[in-house]
Amino acid sequence: MTDNFRTEQEAFWAGAFGNAYIDRNRDAAILASRTTMFSRILSRAGTVGSVVEFGANIGLNMLALRTLLPEAKLSAIEINPEAVKALQSQEGLNVHHGSILDPQVSEPHDLSFTSGVLIHINPDELPRVYDNMYAASGRYIAVSEYYNPAPVAIPYRGHEDRLFKRDFAGDLLDRFPDLALVDYGFMYHRDPNFPADDMTWFLLEKRG
């Protein structure tokens, strides 16, 4: 861990491994899959005019949402400087370079979400991220992550303590009593047209 980051996981993703991840994810098939996933999520929501993504990487989800919600205000938070450069190339995207462990947006958005990000957060720091996601949302919160009913750490590309599965949506529902489950779904790696990485998505709504 370096002095610039709160956790080993943050330093890991902001550095060389995070840069290599960027190269692995420049893929039109991933974009098509993300577009499909968000069309399913948004079909279960009301009007969404603003969205903020926590841990946006190069912005594939932002591109998917720009197709589905062309008039929406889109914002992205990202810690890796190379990924931030890619985000800044997207027209009209509001980019925040920083850690999702810290508050990065000052106004609530209709939807705040993560996709494949909470699984890489140090579990001790998840409450910080949950609080920031909750504060950044005016109505909906979505998580698309690897699900497991109990917390578990999984070796990730030869590294320990870099991938964690758990019931992230359940954590949010327990932490914020005014949240309600709207819907959930699964993106299967054997889908014939839109294969994904066996991600489970959950859509939650503030009803307090």
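Which residues are linked with Glu205 in a network of salt bridges? The legends below describe close-up views of a predicted model, and the view that answers this question comes first.

**View 1. Arg139, Glu205 and Arg207 are linked in a network of salt bridges.** Arginine 139 pairs with glutamate 205, and their closest N and O atoms are 2.8 Å apart. This pair links distant parts of the chain, with arginine 139 in strand β5 and glutamate 205 in strand β9, 66 residues apart. Glutamate 205 also forms a salt bridge with arginine 207, where the closest N and O atoms are 3.0 Å apart. Glutamate 205 has a relative accessibility of 10%, so it counts as buried. Arginine 139, at 35%, counts as partly exposed, and arginine 207, at 52%, counts as exposed. Side chains of opposite charge can pair when their charged atoms come close.

**View 2. Glutamate 125 forms a salt bridge with arginine 128.** The closest N and O atoms of the two residues are 2.8 Å apart. Glutamate 125 counts as buried because its relative accessibility is 14%, below the 20% limit for that class. Arginine 128 counts as partly exposed, at 39%. The structure holds nine salt bridges.

**View 3. Glutamate 78 is buried yet has no salt bridge.** Glutamate 78 lies in strand β2, which covers residues 73-78. The nearest side chain of opposite charge, that of arginine 34, is 10 Å away. The side chain of glutamate 78 does reach the backbone nitrogen of alanine 56, at 3.3 Å. Leaving aside neighbours within four places in sequence, the residues in contact with glutamate 78 include Gly55, Asn57, Leu87, His96 and His97.

**View 4. Asparagine 57 and aspartate 198 have a positive phi although neither is a glycine.** Most residues other than glycine have a negative phi. For asparagine 57 the angle is about 50°, and for aspartate 198 it is about 55°. Asparagine 57 is found in the loop between β1 (50-54) and α4 (60-68). Its relative accessibility is 14%, so asparagine 57 counts as buried. Aspartate 198 is in the loop between β8 (179-187) and β9 (199-206). With a relative accessible area of 27%, aspartate 198 is partly exposed.

**View 5. Helix α2 has buried residues at Phe17, Gly18, Tyr21 and Ile22.** Seen down the axis of α2, these residues fall within an arc of 150°, so they line one face of the helix. An α-helix has 3.6 residues a turn, so residues three or four places apart point the same way. The face of α2 turned away from its buried side carries the exposed residues Ala16 and Asp23. Among the elements that cover the buried residues of α2 are α1 (8-14) and α5 (81-88).

**View 6. Leu118 and Leu172 touch the most other members of the largest nonpolar core.** This core has 32 residues. The elements that give two or more residues to this core are α1, α2, β1, α6 (126-136), β5 (137-145), α7 (168-175) and β9. Helix α6 gives the most, with five residues. Not counting residues up to four places away in sequence, leucine 118 touches Leu126, Val129, Tyr130, Met133, Val143, Glu145 and Phe168. A second, separate core has 27 residues, including Ile41, Ala72, Leu93 and Met187.

How values were computed. Residues are numbered from 1 along each chain as its sequence is written. This is a predicted model: local features need pLDDT of at least 70, side-chain atom pairs count only at pLDDT 80 or more; totals for chains, interfaces and linings use all residues. Side-chain values use heavy atoms; hydrogens and water are left out. Helices (H or I, at least four residues) and strands (E, at least two) are DSSP runs, numbered from the N terminus. Buried means under 20% relative accessible area, exposed over 50%, partly exposed in between (1.4 Å probe, protein chains only). The arc is that of the directions from the helix axis to the C-beta atoms. Contact means heavy atoms within 4.5 Å. A nonpolar core is a set of buried Ala, Val, Leu, Ile, Met, Phe, Trp, Tyr and Cys residues joined through side-chain atoms within 4.5 Å. Lys and Arg count as positive and Asp and Glu as negative; His and the chain ends are not counted. A salt bridge is a side-chain nitrogen of Lys or Arg within 4 Å of a carboxyl oxygen of Asp or Glu. A polar contact is a pair of N or O atoms within 3.5 Å; within protein, one must be able to donate a hydrogen and the other to accept it, and residues adjacent in sequence count only if both atoms are side-chain atoms.
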